[in-house]
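Please give a short briefing on this structure for someone new to it. Keep the sentences brief and group the points by topic.

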Amino acid sequence: MDNPRYEHDNGLHQNATVINGNLQLNYDTVNNDVILAVDDVESSKLDSNQKTTFTQHTKSTCLKNITTFTKRKLFILQWIPSYSGDDFLGDLLAGITIGLTVIPQSMALASIVGVPAQYGLYSSFVGTFIYLLFGTSKVVPMGPTAIVGLLINNTIGTRGSAYATLLCFLTGIIQTLMSFAGLGIIVNFISVPVSSGFTSASAILIITSQVKDLIGVKGGGGNLFKMVRTVLEHINNISMGDTVMGFGCIAAVMLLKAFSTTRIGSKEEELQTMWQKYVNKAIWAIGAFRNSFVVIVCSIICYWCVHKTNHDITSDWPPPIPFKVIGKIPYGLPHLQWPEFSNNDESFFDMIFFMGSGIIVIPLISLLENISLCRTFAEGKPVDTDQELLAIGLANLGNSFFQGFTGSGAIARGALNYSSGVRTPLGGLYTGLTVMAALVYLTPYFYYIPKTSLAAVIIAASFMMVDVNIVKQIYRSKKRDLVLMLITFFSCLFLPLEYGVLIGIVANVGFIMFSAAKPKISIQVQKNHDGIKYLLLTPDRYLIFPSMEHVRQTITKHGLALGIPVVIDGSSIFEADFTTANVFAMMSRDFSKKGQFLYLFNLKPSVANVFKGIKNCNIFLCANKDELDELLRKHFGPSQIQEQYQNETIWTSKL
């Protein structure tokens, strides 16, 4: 006999087969599940040995599942077996390059957070070790970033390193829990206009926050107005030495960046001579190490000035030179310790309430920045957001035990990592070791680093974050998205940054809901093979509760005005809810009072089930056009067809 067949959301499948009088289900096993069909009579004959065999199979299956889960989460197990010598050389070069870049950057970013410079270094090595175990992207250099640093500053204010470390711990916990809950998808709800508006506003705030160190005055504040006001209040105390050196550093960094794009010989590397290749690599290296080069030159100048004055660097007094230097930095690596969950004056909950919404916003922005970097250099491969969320969550958790603050994958350093030829996430190992070596051997020399040079490095990098070209692209593509970008930009610029981000996200969701509330509906008067006219309406998207008032008004207006059967083509309806079904049931009753009928056809099985759940309604569900024609023929005899022909002109004029 023919096998019974059934249809569900994934299409038509073979449902059952009768063999020797026993019914066996033959469902497709998409996930390689094993489905056993055992006759009831035979199952009672299983002896103890056979049952033991089944138990052993279950244990091996569980062990296999655990192994698969471990391999999926501990991502290093997927690529380390094929690690080669070429991978080692590529990772070593890229790792050291990023390490030499992150040393001055991390100390500069510590000033954005509002903590001493050494905490930037503390935040730059543990996370790289953890990320290489769990991270999926080879280009992510886990560490401090300017955007996250600015958010931390807005969250903790002047409360210092204890709050920054506790915030890092909480961020790691939240991100790890979000990963296991599968909430990595949340980043997909932050659109490109919102992200661009936030990034550009953050860049301007970062530049403004560094002006105080650039010109050697006091300053602070959580938004643009406060930053500008505090700098202007102390503008009379401007340091000419810092100002000249600072602007000189910005110019040098920008020039070196432009110089790094210069190439001699043919543009194609294969056609270059060996000498030309070496020169081009040297030019690239100068550009890659431009930040370190500028900071080292400025430090040498300050070293000469300090020793010329015979200043005692072990004292707590600043040296009598025209530049403000970082000063003494503790020697060695940070100790492993728990974050401070309370202090003498405040309990843990007091500290939580003080940090407020930043506890939620910072994990999201850290994830967004990291995912943006991963997608930029994914080379067409999909990005596992939940796995990345786990990687950066555990990395931040590890940082918090070594007095670090929250970090992520910095886009600028990621681009440098990619251009340096990194091969695997193991490049982070050499980045972390480079930072550790600096903490152990170079801390006495960090004393001479001028603050203005670090501010210049951050300002020069922030210039690249202001994306002006995207404004033109969004304007030409969809003007409404430009409004969304400007809302986010100005909210982040003039309000606390975390509030600006939330406003941008809420505005984005509002735009989505507005779009969902007014789906486009194609309206046509059509005639079937029997000459029966009907009103065909085709919605272009899902029908859910925000859109139902608009849909009801459209269908009722045209349906009742024409007085002919109303047919809804559900081929483009991918989702519906109870509100949808309830509204359609009410419309069907209204149409039935006028002698009309409401038909739905081409519905997805999941959508059809929603309508089947409503009782006592006059909706007719049709699987296809043939069933629709059959129902129309059944409901409309020759007399109704003739009446439609007579009123054809009236229908057309009303439509």
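Does Tyr448 count as buried or exposed? At 5% relative accessibility, Tyr448 counts as buried. Buried means under 20% relative accessible area, exposed means over 50%, and partly exposed lies in between, with a 1.4 Å probe and protein chains only.

This is a predicted model: local features need pLDDT of at least 70, side-chain atom pairs count only at pLDDT 80 or more, and totals for chains, interfaces and linings use all residues. Residues are numbered from 1 along each chain as its sequence is written, and side-chain values use heavy atoms, with hydrogens and water left out.

**Overall make-up**

- The protein has 29 helices and 11 strands. These are DSSP runs numbered from the N terminus: helices are H or I with at least four residues, strands are E with at least two.
- Of its 655 residues, 47% count as buried.
- Take the contacts between residues at least 6 apart in sequence: 75% of them join residues at least 24 apart. Contact means heavy atoms within 4.5 Å.

**Aromatic pairs**

- The structure holds 22 aromatic pairs. Rings of Phe, Tyr and Trp (its six-membered ring) pair if their centres lie within 6.5 Å; planes under 30 degrees apart count as stacked, over 60 as edge-to-face and the rest as tilted.
- One of the pairs is Phe125 with Phe402: the centres are 6.3 Å apart and the planes are at 65°, so this pair is edge-to-face.
- Phe125 sits in the loop between helix H5 (118-122) and H6, and Phe402 in the loop between helix H16 (385-400) and strand S6 (408-409), so the pair ties together parts 277 residues apart in sequence.
- Phe125 is buried, at 4% relative accessible area. Phe402 is partly exposed, at 22%.
- Tyr303 and Tyr448 also pair: their ring centres are 4.9 Å apart and their planes at 75°, so they are edge-to-face.
- Tyr303 belongs to helix H13, while Tyr448 lies in the loop between helix H19 (443-446) and helix H20 (451-463), so this pair ties together parts 145 residues apart in sequence.
- Tyr303 is partly exposed, with a relative accessible area of 40%.
- Ring pairs also link Phe169, Trp338, Phe341, Phe348, Phe349 and Phe401 into a cluster.

**Charges over rings**

- Lys479 lies over the face of Tyr475, 4.7 Å from the ring centre. A charge sits over a ring if NZ of Lys or CZ of Arg is within 6 Å of the ring centre and within 35 degrees of the ring normal.
- Lys604 lies over the face of Phe574, at 4.7 Å from the ring centre.

**Cavities**

- A search of the whole structure finds two cavities of 30 Å³ or more. On a 1 Å grid over the protein atoms alone, a cavity is a set of points where a 1.4 Å probe fits but cannot get out; lining residues have an atom within 4 Å of a point. Grid points are joined across faces, edges and corners, and a volume is the space filled by probe spheres set on the points.
- The largest cavity has a volume of about 100 Å³. Its lining has 14 residues, and Val140, Pro141, Asn417, Gly427 and Gly428 lie nearest its centre.
- Helix H6 (126-134) and helix H18 (427-441) are the elements that give two or more residues to the lining of the largest cavity.
- That lining has seven nonpolar, six polar and one charged residues. Ala, Val, Leu, Ile, Met, Phe, Trp, Tyr, Cys and Pro count as nonpolar, Asp, Glu, Lys and Arg as charged, and the others, Gly among them, as polar.
- The second largest cavity has a volume of about 30 Å³. Its lining includes Ile98, Val102, Pro141 and Arg413.

- Asn291 is in helix H13 (residues 290-308) and is buried, at 8% relative accessible area. Beyond residues up to four places away in sequence, Asn291 touches Thr101, Gln105, Val253 and Val457.
- Val194 is in helix H9 (residues 192-215) and is buried, at 4%. The C-alpha atoms of Val194 and Val483 are separated by 9.9 Å, though 289 residues apart along the chain.
- Thr452 is in helix H20 and is buried, at 0% relative accessible area. Leaving aside neighbours within four places in sequence, its contacts include Asp213, Asp242 and Gly246.

Methods
On a 1 Å grid over the protein atoms alone, a cavity is a set of points where a 1.4 Å probe fits but cannot get out, and a pocket is an open set with protein on both sides within 12 Å along at least five of seven lines; lining residues have an atom within 4 Å of a point.
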